[in-house]
Amino acid sequence: MVTGAILAVEALFWVFVVGGLAARYLARATRLSTVLLLLVPVLDVVLLAVIAVHLSLGGTADRSHGFGALYLGFTVAYGHSVIQWADVRFAHRFAGGPPPPRPPKAGAPAVRREAAAWLRCVAACAIGAGVLAGLILFVGDAERTAALQDSFAIVRVVLAGHTLISVWVIGEAAARSRRKDGQSPGAAADRRAGSRS
């Protein structure tokens, strides 16, 4: 039941996003576009309600319940940025908008971009963990919510993995910036000191 709800919500997410953008840029139906895009966050509420109702009726949580809670966290944290990503591409393809900007590879812009991505992951994990904790308190039965307890391990793995990737990407951005400048910060300081002597 919950797995089917997750799949349905994921499918409807893309139906509403693509439909909303198509209505905006192809049909020029601004109101319809707004309605369809506003329905996207409603899907999260529906999924949470499905999980909560199933558990309140005596159901025992399994992996799908934990995955559903984590899915909610990630759709809330990433949903808006996914819509923005698609919007830029729709506008470029169908409305003569500017091409999507290329992500920075070096320097402070790349570091800021990766830091924002890491913070988004932290937010997703925090929301997912909060939903898990809320469902556990809502049910109030440790045996029926054991699978939800186990799902906290996934949160830790995802956050740790993303942290390692972010550290790697930031290190690469700093290295590329130094290579682009053709000198290390220390060498630049030595050169400036030499030019003043």
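The bend at a residue is the angle between two axes, one fitted to the seven residues ending there and the other to the seven starting there. Helices, in turn, are DSSP runs of H or I with at least four residues, while strands are runs of E with at least two, and both are numbered from the N terminus. The model is predicted, so local features need pLDDT of at least 70 and side-chain atom pairs count only at pLDDT 80 or more, whereas totals for chains, interfaces and linings use all residues. Residues are numbered from 1 along each chain as its sequence is written, and side-chain values use heavy atoms, leaving out hydrogens and water.

With these terms in hand, helix H3, which covers residues 63–94, can be seen to bend by about 50 degrees at Tyr-78. After H3 comes Gly-96, with a positive phi near 70 degrees.

The chain as a whole holds 6 helices and 0 strands, and its elements run α-α-α-α-α-α from the N terminus on. Its radius of gyration is 23 Å, well over the 16 Å that the globule rule gives for 197 residues, so the chain is more spread out than a compact globule. Here the radius is taken over C-alpha atoms, and the rule is 2.2 Å times the number of residues to the power 0.38. Along the principal axes, the C-alpha atoms fill a box of roughly 80 × 50 × 20 Å.
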